[in-house]
Amino acid sequence: MFTGIVEELGEVTAVETLDDACRFRLRGPVVTQGAKHGDSIAVNGVCLTVVDHEGDEFTADVMAETLKRSSLGALTVGSRVNLERPTAVGARLGGHIVQGHVDGTGTILERTPSEHWEIVKISLPADLARYVVEKGSITVDGISLTVVEAGPDHFTVSLIPTTLALTTLGIKQPGDPVNLEVDVIAKYVERLLADRGETK
């Protein structure tokens, strides 16, 4: 489990395209500290397994299903990525419960700068809109954020200078894709109510 609090901006150093998958080598001095084969690291919000680790770099394989559901397939050598290790048992939950299981992708539509923050408008797939509510939580490229406005096909978030400086949302521009993970609690509630016949 993750919390959506990005630990560092990493970098893609190599990309190997396989028949039905992709292998990435990524640099991340913070997240590779103590890393070993089989560990999990979230890359732009996608939980990946460490296959190999050497120095401040690690390798991870991405299967076709993950490439289909996320924006990882658009990464190239030099791409910056948000990196986070799983939260330790007993640690503070700084963001919200994040599984690293991307529900879909959105696209940055607009950026509106202000003196102390920036409003970013992001497109929202129709099948995810029901899980996104004003003042609720959503994960964008692995970043735990609070929804400012929730529309039928978009939502907005307000980014503080720290988020802009330390994550990919500081450099992404309109037209760029982002990974989205909605609040898992909302999905469980929907399923439980459906089983009781209380939802359409």
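**Entry 1: β2 and its partners**

I looked up Ala21 and found it opposite Met63 in β5. The model is a predicted one. The two strands concerned, β2 and β5 (residues 57-63), pair in the antiparallel sense over 7 bridges.

I then checked what else pairs with β2. Strand β1 (residues 8-17) pairs with β2, also in the antiparallel sense, over 6 bridges. Here I noted Val15 opposite Phe24 in β2. β1 and β2 form a hairpin, and 3 residues lie between them.

How many residues of β2 are buried? I get 5 of the 7, so β2 is largely enclosed by the rest of the structure.

**Entry 2**

I followed the chain on to β3, which is joined to antiparallel β4 by 4 bridges. Ile41 stands opposite Leu48 in β4. These two strands form a hairpin with 2 residues between them.

Asn44, in that turn, has a positive phi of about 50°, although Asn44 is not a glycine. I wrote this down because most residues other than glycine have a negative phi. Is Asn44 buried or exposed? Its relative accessible area is 1%, under the 20% limit, so I list Asn44 as buried.

β4 in turn pairs with β5 in the antiparallel sense, over 4 bridges. I found Asp52 opposite Thr59 in β5. The hairpin of β4 and β5 has 2 residues between the strands, and Gly55 takes a positive phi near 60° there.

**Entry 3: Val31**

I looked up Val31 in the loop between β2 (21-27) and β3 (40-43). Val31 has a relative accessibility of 1% and therefore counts as buried.

What does Val31 touch, apart from residues up to four places away in sequence? I list Glu7, Glu8, Ile41, Phe58, Leu83, Glu84 and Arg85. For Glu7 I also took the C-alpha to C-alpha distance to Val31, which is 7.4 Å across 24 residues of sequence.

**Entry 4: the two annotated domains**

I consulted the UniProt record, an unreviewed entry, which places the feature "domain: Lumazine-binding" at residues 1-96 and 97-193. I took the secondary structure of each range.

Residues 1-96 come out as 6% helix and 44% strand, with the end C-alpha atoms 10 Å apart. For residues 97-193 I get 16% helix and 41% strand, and 21 Å between the end C-alpha atoms.

**Entry 5: His96**

I looked at His96, which ends the range 1-96 in the record. His96 lies in the loop between β6 (80-84) and β7 (104-113). Its relative accessible area is 8%, so His96 is buried.

Which side chain makes a polar contact with the side chain of His96? I found that of Ser144, at 2.7 Å. Leaving out residues up to four places away in sequence, His96 touches Phe2, Thr3, Gly4, Ser137, Ile138, Thr139 and Ser144.

**Entry 6: the barrel**

I traced 6 strands that close into a barrel, in the order β7-β8-β11-β10-β9-β12, with antiparallel pairing. From one strand to the next the twist averages 45°.

I looked at one pair in detail: β7 and β8 are antiparallel and share 5 bridges. Arg111 stands opposite Val120 in β8.

In the loop between β8 and β9 I checked Lys135. Lys135 has a positive phi of about 70° and is not a glycine. Its relative accessibility is 59%, which is over 50%, so Lys135 counts as exposed.

**Entry 7: nonpolar cores**

I looked for the members of the largest nonpolar core, which has 21 residues, that touch the most other members. These are Ile122, Val140, Phe155 and Leu169. Two or more residues of this core come from each of β8 (118-123), β9 (137-140), β10 (143-150), β11 (154-159) and β12 (177-182).

I then listed the contacts of Ile122, setting aside neighbours within four places in sequence. They are Gly106, Thr107, Ile108, Leu109, Val140, Asp153, His154, Phe155, Val157, Val178 and Leu180.

There is also a second, separate core of 18 residues, and Val12, Phe58, Leu83 and Val102 are among them.

Notes
Residues numbered from 1 in each chain as written. Predicted model: local features only at pLDDT ≥ 70, side-chain atom pairs only at ≥ 80, totals over all residues. Heavy atoms only, no water. Core = buried A, V, L, I, M, F, W, Y, C linked by side-chain atoms within 4.5 Å. Buried < 20%, exposed > 50% of the residue type's maximum accessible area, 1.4 Å probe, protein only. Contact = heavy atoms within 4.5 Å. UniProt positions renumbered as here; feature names shortened; annotations may be inferred. Polar contact = N/O pair within 3.5 Å; in protein donor to acceptor, adjacent residues only side chain to side chain. Pairing = 2+ DSSP bridges. Axes fitted to C-alpha atoms, helices over the stretch in contact; angles between N-to-C directions.
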